[in-house]
Amino acid sequence: MLTCRLPWWRSSTTCKPWQSGRFLPGVWERCQPLSRKGVDRTAGQGQQVVMQQEQALEDLEIPLARREAETLFQEQPETGNPYLEDALLRSYLKTHLPPKVLEEVNQDLERFGNRLLTKIKHLGWECELNPPVFRQYDAWGRRVDHIVTCSAWRRMKEIAAEEGLIAEAYERRYSNWSRVHQAVKLYLFSSFSGGFGCPLAMTDGAAKVIESLGIPGSLKNPFDHLTSRDPKKFWTSGQWMTERRGGSDVANGTETVARKQPDGTYRLYGFKWFTSAADSDVALTLARVADTEGRVKQWPHGFSNLSLFFLKVRDEEGKLNSIQVQRLKDKLGTRQMATAELWLDGAKAELISAEGRGVASISNMLNITRIHNVIAAVASMRRMISLSREYACRRVAFGKLLKDHPLHMQTIARMEVQTRGAFLLLMEIVRLLGLAETNMASEQDQLLLRLLTPVAKLYTGKQASAVVVEAMESFGGQGYMEDTGLPVIIRDSLVLSIWEGTTNILSLDVLRSLTKSQGQVMAVFFSTVQKKLELASSTAKLEPAVKQMRDAVSGLAQFMQAAGSRGAETMELAARDFSYTLARIYAGALLIEHAARPDASAADISAAQRWCNQELCPVARALENSSYEAKEVLMDSALVYEGSPACGSRL
C-alpha cells in the first residue's frame, strides 16, 4: 500500500510527541497548536519566547544518549486559504471587477481556496513522490511504449475539468473578465498542482489556436473536449515543437516532414526531442510539407516553410498513433510531468494552418503559454513568501521570533515588493487579453498586449528564480531539505526563464514588436504610463515615486532617440536591458496606480515607493557607460574566451 509522505509544511500535524513508545518530558507542550501567527492564544509574544527558551533548558537536562536520538524540531509554517490570505489579489479584484461579477468570483475563489487546502495539495505532493514511469515493453516482449502516471496525476486532470480551469476562459460568462477569473484560479492552483499547470498551459494554447481559426468543423469535437468541464470528456494537449537541434529557432531546426495522403490527411515523420506532457490526448506540432516524391516545398520570402498540424496521440483502441516513445527526459525540475523524446513514424495528422504559415498560426498558442509561464512564476513567488512569513512567526533564533529581527523582515519585504510588481504585471496582460478576446480591445490595447506579453514572461521568469532562492534561505538549513518540499518549488521555478523562450530570445521578440508596429507600440507605452502617473499626482505620499518614474520615462525616451541614430546592432545589444526597463517602468506605474486608490493600504503605498527606489531605467545607464559600443562587443568575446582553447580557433 502506497503511503503519501507529506513534507512538514504540507502535513496536517506538526510533530510526533512520542519516541520509542513513550512521551518525552516537555515535548507534548511544545507540540500544542499555535495560533495562525505562531503565538499561543492565551499568552503574549514575550511569554511564548520565554516558554520556548525554558523548554530548551529542559531539553539540555535530558541524558545525552536520549538527546542524540531526537530529531531536529522546528515549528512548521501553516498557511491558510491562499485566496483569503492574498491581500493584493483581493484588493485588485475589488478595484477592477464589476460588483455582481466580484460577488460571484469571490465566492468561487474562497471555495476553491478551501479545496486546495483540503484536497488538492495532498495530491500535488503525491505527484512529486510518484513521477511518471516509462514501460517500453510488456512482460512478453511486445513493445507498448506506455507512460505510467500515478492516480493523483490523473485525479488532477479531473479536478482541472471540474473547476473549469480551461473552460472558464472560453465560456466567457463574465465577458472580458472571464480571463481574469481563469488566471486567478490558475495562479492559486499552480503551487498546489503537482506540475499539472504545464499541460493546462498547452491545452489552453491549443484551444486558443483552434478558436482563432474559427473552430472549423473538423476541429469542433477536439475544441469541445479541450474546453469541457466533464472529467470524462476533458482532453489535454501537448505542444511538439522542439527537435534535435533544440532551442527556439524552430524555423531552421524543424526536420519533421508531412506527406499528404489520398484522403486529405497527412502522415508525419520525424523526431521530437522535447515533448512536454507526453501523456496528453492530442497535440499541435510543426512539420514541413513534402510532395509525393519526398521533396520539401520551398516557399517565398516571409514564409517559414513550416505548417501546423493537429493529431490525436492514440486511436480509438488506445494504441499510439504510429508514435514511438524513445525515453522520458531526466529533468532538474517538473519531474511530476512526463516529458519525452518521440519518434513520429507516419503519425496521422490534420493540416490546420495554411501551408507554410505554421509559425504564424501557432503564435496564438505561444502567447497563451507565455502568460501561463507568468502565472507560474508569480505563484511560486507568492507561495514561498507565504511560507516564509508564517515561519517567521514560529521560528525562534537568538532569543526572539524571526519576525522580530528587523533585517530578516527587511529581506522578506524586498521579496514582497518584487512579487507585487510581478502580480500586477500579470493581471494587466490578462486584463488586456480578456478585452482582445471579446472584441473590446482598442488598437492601443492590442499593441500593449503584444509588447507586454514577452516583457512580462522574461522578467517574471528571472524574478521567480531570484525570489524563491532568497526565500529558501529564510528557512535556514530546513530550506535545503528535500522532505520539506521546499526544494521542489525551487527546481520547478528554474525552468520558467527557459521554457517558451529564454530571456535573450524574448528580448529580441520585444524588439520585433517595435519593428512590426513601426514604433507605434512605444508611443502607446509612454502615453499609458503617463496617464497612470497623472492619476496619482495628487497623492502626496506618492510624489517621490511619481517623480522617479517620470525621470525613468524621460531616460527611456532619451535612449530611444539616441539608439535610433546608431543602427540595429545597438538595439540588439541593448535588448535585454531595454526589456528589463520596460518591465520595471510599467510595473512601477501599475503599483503607483494601485496605491493611488482612495482605499489603498499603507502597504500598497510602501510597495510603490520601494519599487521606484530601484534602478528603473538600466538601459539608459548602460548607454551612458558605452556598454553597447562595437569595442565592447569585442571585449565581451575577449572576456569570455580568455584562456579557453576555443579562443585561438574561433576568434
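## Cores and a helix crossing

Take the largest nonpolar core first: it holds 161 residues, and the members touching the most others are Leu 93, Phe 525, Leu 556, Phe 559, Phe 578 and Ile 592. Keep in mind that this is a predicted model.

What does Leu 556 contact beyond its neighbours within four places in sequence? The list runs Met 522, Phe 525, Phe 526, Phe 578, Thr 581, Leu 582, Ile 585, Cys 617 and Val 619. As a rule, nonpolar side chains in soluble globular proteins tend to be buried together.

Now for a pair of helices, H13 and H19. Their axes come within 9 Å and cross at roughly 95 degrees. An angle from 65 to 115 degrees counts as roughly perpendicular, so that is how H13 sits relative to H19. Here's who makes the contact:

| Helix | Span | Residues in the contact |
|---|---|---|
| H13 | residues 406–437 | Arg 420, Gly 421, Leu 424, Leu 425, Glu 428 |
| H19 | residues 568–595 | Tyr 586, Ala 587, Leu 590, Leu 591, His 594 |

By type, the residues of this contact split into six nonpolar, two polar and two charged.

You'll find Lys 532 in helix H17, residues 520–536. Is Lys 532 buried or exposed? Its relative accessible area is 8%, and buried means under 20%, so Lys 532 is buried. Leaving out residues up to four places away in sequence, Lys 532 touches Glu 428, Tyr 586, Ala 589, Leu 590 and Glu 593.

Technical notes
Residues are numbered from 1 along each chain as its sequence is written. This is a predicted model: local features need pLDDT of at least 70, side-chain atom pairs count only at pLDDT 80 or more; totals for chains, interfaces and linings use all residues. Side-chain values use heavy atoms; hydrogens and water are left out. A nonpolar core is a set of buried Ala, Val, Leu, Ile, Met, Phe, Trp, Tyr and Cys residues joined through side-chain atoms within 4.5 Å. Buried means under 20% relative accessible area, exposed over 50%, partly exposed in between (1.4 Å probe, protein chains only). Contact means heavy atoms within 4.5 Å. Axes are lines fitted to C-alpha atoms, for helices over the stretch in contact, and angles run from 0 to 180 degrees between N-to-C directions. Helices (H or I, at least four residues) and strands (E, at least two) are DSSP runs, numbered from the N terminus. Angles under 35 degrees count as roughly parallel, over 145 as roughly antiparallel, 65 to 115 as roughly perpendicular and the rest as oblique. Ala, Val, Leu, Ile, Met, Phe, Trp, Tyr, Cys and Pro count as nonpolar, Asp, Glu, Lys and Arg as charged, and the others, Gly among them, as polar.
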